[in-house]
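Visitor: I would like to learn how to read this structure, feature by feature. Where do we begin?

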Amino acid sequence: MALATFKGGIHPPDKKDIAKDSAIKEAKSPQRVVIPLSQHLGAPCKPIVSIGQEVKKGEVIGEPGGFVSAPVHSSVSGKVIAIAEFPNTMGRMVNSIVIENDCKEEWTSLKDNPDYIKLSADELKEKVKAAGIVGMGGAAFPTLVKLSPPKEKPIDTIIINGAECEPYLTADYRLMLEKSSDIVEGLKILMRILGVNKGFIGIENNKPDAIDKMKDAAKNEPNIEVCGLEVKYPQGAEKMLISALTGREVPPRGLPMDVRVVVQNVGTALAVYEAARYGKPLIERVVTVTGEGIKTPANLMVKIGMLISDIVDQCGGFKDSAGKVVSGGPMMGFALSTLDVPVTKGTSGILVIPKEGVVHTEEFGPCIRCGRCIDICPMGLMPSMLSILSEKGHYEDAKEYNLFDCFECGSCAFVCPSKRPIVQFIRLAKSLTKP
Amino acid sequence: MEPVKKEHELIVTVSPHVRDEETTSRIMWTVNLSLLPAFFMGFYFFGLKALFITALCIISSVLSEYFFQKAVKKKLTVNDGSAFLTGLLLGMNLPSSLWSFNPFTIHVPIIGSVIAVVITKQFFGGLGYNIFNPALIGRAFLLISFPKAMTIWTEPTAAFLALDAKTTATPLGILKEDGLAKLIEAFGDKLNLYAELFNGHRAGSIGETSVLALLIGAGFLLYKRYITWHIPFSFLGTVAVLAWIFGGKSPETGKMLLFAGDPLIHLLSGGLMLGAFFMATDYVTCPSVRKGQIVFGIGCGALTMLIRIKGGYPEGVMFAILLMNCFAPLIDRAMKSDVFGAVKEKKK
Ligand code: SF4
Ligand code: SF4
């Protein structure tokens, strides 16, 4: 059978071998954590603690500031020592709460409720809400919003995204190997909340052991299908994944719910399970520390708010050659200008690229109209035209070429033989016009 | 908070942080390489003159790009192989007789190269911005300015110095002036005609004659995906169909006889193979949307046959491609690819 996939896409070297075989380890609890009050699109949280206040692990410290928002919790027990602006991984300053760790690891309250599946949909949803769960694949969109579709948009399918199509990253892969049945439980809870009876788990075919594990974990669940996907970037983009598994195409500018689908990441499914069963808030996540420039690559369970500098230290530091540090994967991640930025709910990896491996993009050539970018753009756009128009300053004209349908996957810039910074041009045009 | 750790200066650039290894210059040099078999066949059949003319074109193309970029203080890009390619293609599109016709015709290849590189390419903004294929404009300019020198063809003697090469007409010239029967007579029989055309043992431009060698290079480019099938196949297909429908002539009256043409002769002769695989496919001057490329190829094929059958020249590939070059931006615009999801939405 042909593997499920989409049209277009690229095949960057996957480099997953670097971190793939190291089992998830708990990172040492850091001395202090910096917890940003804004970890995603939408309204930032309002702090509800004050300086000097003692907090426990799992205690709410920031309350949602709107519907598209999720509460944040303390990831350690200790004392609030500052509430101020700190830089985040994207280089922006955001209001954050700094907590000094007393290393007692005292929890607020965790109750095991093995009968969680008997809870009503609303009760389960309440748990997801209280736990502050967001999409853990990168965008960190509040999960609650996805679980509250408007009435006129019924949902009939939930997809768990195990594609992990970004090269290097192995966090989701390790989770699928080590927590397979918890992920399946998470999916069941999500299906119950939305009253859906079709669940998919999509996994790229370069992780056959993860596919086997997940298949095994779901073998008694007739409504859950584990599917192998063709290895191709960006297979894990929501629209591509939906198209690959269900054949439905989300309309331009539309949302998955427009085709009756909700997509959640593997880590999110696990967080949903832990929230429903133990009432555990989202205060830690798996981060892949990888790349040719790090001494000991690892998949670490990291507390939200831990500084990347601390993580790098725990992984033996850089090899001498380290040149660039990226938060996230090599295709869509952000290069860091400082390591003193915290891990957030959406940080999937820390990638250390050695100096020799850094691609310099200051020098780029003209578009030779080779058409490679057009062939591979998963959204069916003409990146060449978008980049040319933006380069010339014709931002309005770029809209004629569907500028705002680009989701900045970077595939076009990857293939361009002229090394044009196409995504940068597109971002520029987007920021200077309105849809 | 403690000050930022300064042990490492971190490089900050925008995503994506990995890039494919393909570069513009690697593409250009690979295309140059793929033309070598055809060039060597030209050298073999037409001798040293072919080598001289092509070398002259390459040298003057590269130098004119170099001096132009120096003069206007632009970044030097002669290493990217594109000026070399223009020179090589121009040389392969010229008759070898240009050298012996008259000692003073040595300036012809040089003028052609300057027109190609400076006027057609650099004046429009350099690589990527030119509307017309530089080598073809160079050749078109020469054909119009030096009609006589550009249409004297010699026999392929396969002698190194080829001093005693007799002038003759190209197969398409014979076909146009004297008809099919004469053409077959000139080559002995029909089968021999096909074979000679395929091997390239015929009069014509230096690099256009050996279909076999051109196909080797084209196959390499297709295999490496430097070109796709869209343009060459739609181009050749259109020529074949139109040659079959309109290419026949009644031997008695000389009037056009429908559905009686010989597509093979048209496919194997003239500059068709060189044009369809190596010049119509020029990235910069053809559409970049694949659907549009098929339209472009069909247009090239149709115009080629229109000129070959109805026009004043026996060969039409060059003008056909140049004409279609004008439409390439329009075709791209009209045939923009469908945005993901848009098609299904319309269906609903
Ligand atoms: S144009 Fe946008 S969606 Fe298309 S390949 Fe480039 S970044 Fe991806
Ligand atoms: S890949 Fe680069 S050179 Fe080729 S068409 Fe796209 S932007 Fe132009």
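Visitor: Leaving aside its neighbours within four places in sequence, which residues is B:Thr209 in contact with?

Guide: First, the ground rules. This is a predicted model, where local features need pLDDT of at least 70, side-chain atom pairs count only at pLDDT 80 or more, and totals for chains, interfaces and linings use all residues. Residues are numbered from 1 along each chain as its sequence is written, chains are lettered from A and ligands numbered from 1 in the order in which they are written, and side-chain values use heavy atoms, with hydrogens and water left out.
Contact means heavy atoms within 4.5 Å. With neighbours within four places left out, B:Thr209 is in contact with B:Phe45, B:Phe46, B:Leu197, B:Asn199, B:Gly200, B:Arg202, B:Ala203 and B:Gly204.

Visitor: Where in chain B is B:Thr209 found?

Guide: Elements come from DSSP runs, numbered from the N terminus: helices are H or I with at least four residues, strands are E with at least two. B:Thr209 is in the loop between helix H8 (190-199) and helix H9 (211-223) of chain B.

Visitor: Which backbone oxygen lies 3.0 Å from a polar atom of the B:Thr209 side chain?

Guide: That of B:Gly200. The pair can be read as a polar contact: N or O atoms within 3.5 Å; within protein, one must be able to donate a hydrogen and the other to accept it, and residues adjacent in sequence count only if both atoms are side-chain atoms.

Visitor: What does the side chain of A:Glu178 reach at 3.0 Å?

Guide: The backbone nitrogen of A:Ile24. A:Glu178 sits in helix H4 (residues 171-178) of chain A. Beyond four places in sequence, A:Glu178 is in contact with A:Ala23 and A:Ile24. A:Glu178 is partly exposed, because its relative accessibility is 34%.

Visitor: How far apart are the C-alpha atoms of B:Lys310 and B:Ser337?

Guide: Those C-alpha atoms are separated by 36 Å, for residues 27 apart along the chain. B:Lys310 belongs to helix H13 (residues 290-310) of chain B. B:Lys310 is exposed, because its relative accessible area is 62%. Not counting residues up to four places away, B:Lys310 touches B:Lys176, B:Met256 and B:Met305.

Visitor: Which residues are around ligand 1?

Guide: A residue is near a molecule if one of its heavy atoms lies within 4 Å of it. The residues around ligand 1 include A:Cys377, A:Cys406, A:Cys409 and A:Cys412. By class, the shell has nine nonpolar, two polar and one charged residues. Here Ala, Val, Leu, Ile, Met, Phe, Trp, Tyr, Cys and Pro are nonpolar, Asp, Glu, Lys and Arg are charged, and the others, Gly among them, are polar.

Visitor: How does the shell around ligand 2 divide?

Guide: Into seven nonpolar, two polar and two charged residues. Among them are A:Cys367, A:Cys370, A:Cys373 and A:Cys416.

Visitor: How many residues of chain A are in contact with chain B?

Guide: 70 residues of chain A are in contact with 44 of chain B. A:Glu249, A:Ile368 and A:Arg369 supply 12% of the area that chain A buries against chain B, more than any other three residues. Buried area is the accessible area (1.4 Å probe) that two parts lose on being put together, summed over both. For chains A and B this is about 5,200 Å², 57% of it on carbon and sulfur atoms.

Visitor: Which backbone angles deserve a look?

Guide: Most residues other than glycine have a negative phi, and most peptide bonds are trans. The bond from A:Tyr233 to A:Pro234 is cis, with omega near -5°. B:Lys73 has a positive phi of about 55°.

Notes
Buried means under 20% relative accessible area, exposed over 50%, partly exposed in between (1.4 Å probe, protein chains only).
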